[in-house]
Amino acid sequence: MKLSDIKNNDMKKDQSKELEGDVPLDIRDILAEEGITVQMLIDTALELYVPHPGIETREKAEEVFLGELNLALSDPNLCLLIYSGILLEKEGRRGHLPNISRKSYEKDLTFIIADEVLGMSISRYISGDKGTFEFVRFDKQKPGILSKLGPFMDDVIGGLIGGVSANMYTRSMAEQGVNKEKESDKKNKSNDNSGVIAG
C-alpha cells in the first residue's frame, strides 16, 4: 500500500485556519526569564559572522539578523519547538526526565542525542539544509551564550541561531542580486534611450 492510496478524510476541515484568543506568553519573554535575551542571540550569531554581499558590515548583519529572527519567532510552531527545549532543560535540572538520571543529564552524555535532534530540527525547520549546516557550525564552536547553556538549550538556541543566520545570509545575497539586476536594467534602458535622435 502506498501513502497515495490512503483515503483522505480531512477530520479537521471545519477547524479555524488562524490562531484564536489572546496569546498570553511570548517566547522572547520566556527566553528572557531563562536568562537569554534577544541581544545575546544577536551577539552570539555575530561572533561567527562572515561578510557576504548585502551584509558587508557587522551593523547591517545585526539589522538583517534581527529582522530574520523576528520573522522566525512569528511562527507558533517554531516557538513550541523552542519551548519544548526549555521544558526539557527544566525537567533535567530537577532530575525528572524519563529514562535518564540527573547525573547523566548534567554530564551531557554523547549517546543522548535528543538535544542534537531538537537543535537540528529547529534549524532545518527555519531554513532547511542551510540551517543544519549553520547549526553544526555553531554547535561545534559554541560561541557566546551557547557555551553557558545547559545540555538541551545550547542545541535549541544553536538551532535557532543557525537557522536564522542561514536565512540572513541567503536573503541578503538574494536582495543584493536583485538590486544589481535592477541597476543593470536601468543602465541598459538609459543606454537604449541615449541613441535616440529627436527629429
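Here are some questions and answers about how this predicted model is described.

Residues are numbered from 1 along each chain as its sequence is written. Local features need pLDDT of at least 70, side-chain atom pairs count only at pLDDT 80 or more, totals for chains, interfaces and linings use all residues, and side-chain values use heavy atoms, with hydrogens and water left out.

Me: What is the mean pLDDT of the protein?
Reply: The mean is 89, and 93% of the residues reach 70 or more. That score is the predictor's confidence in each residue, from 0 to 100. Confidence is lowest in α7, at a mean of 85, and highest in α2, at 98.

Me: Why is Asp154 called buried?
Reply: Buried means under 20% relative accessible area, exposed over 50%, and partly exposed in between (1.4 Å probe, protein chains only). Asp154 has 6%, so buried it is. Asp154 sits in helix α7; helices here are DSSP runs of H or I with at least four residues, numbered from the N terminus.

Me: What makes the pair Asp154 and Lys142 a polar contact?
Reply: Their side chains meet at 3.2 Å. A polar contact is a pair of N or O atoms within 3.5 Å; within protein, one must be able to donate a hydrogen and the other to accept it, and residues adjacent in sequence count only if both atoms are side-chain atoms.

Me: Why does Lys142 count as partly exposed?
Reply: Lys142 has 26% relative accessibility, so it falls in the in-between class. Lys142 lies in the loop between α6 and α7, and its phi is positive, near 45°. Most residues other than glycine have a negative phi.

Me: Why is Asn99 called exposed?
Reply: Its relative accessibility is 84%, so it passes the 50% cut-off. Asn99 also has a positive phi, about 65°, although it is not a glycine.

Me: How do you know that Glu89 has no salt bridge?
Reply: A salt bridge is a side-chain nitrogen of Lys or Arg within 4 Å of a carboxyl oxygen of Asp or Glu. For buried Glu89, the nearest side chain of opposite charge, Arg93, is 4.8 Å away. Lys and Arg count as positive and Asp and Glu as negative; His and the chain ends are not counted. Glu89 does have a polar contact of 2.3 Å with the side chain of Tyr105.

Me: What makes a set of residues a nonpolar core?
Reply: They are buried Ala, Val, Leu, Ile, Met, Phe, Trp, Tyr and Cys residues joined through side-chain atoms within 4.5 Å. The largest one here has 36 residues, and α7 gives the largest share, eight residues.

Key: Helices (H or I, at least four residues) and strands (E, at least two) are DSSP runs, numbered from the N terminus.
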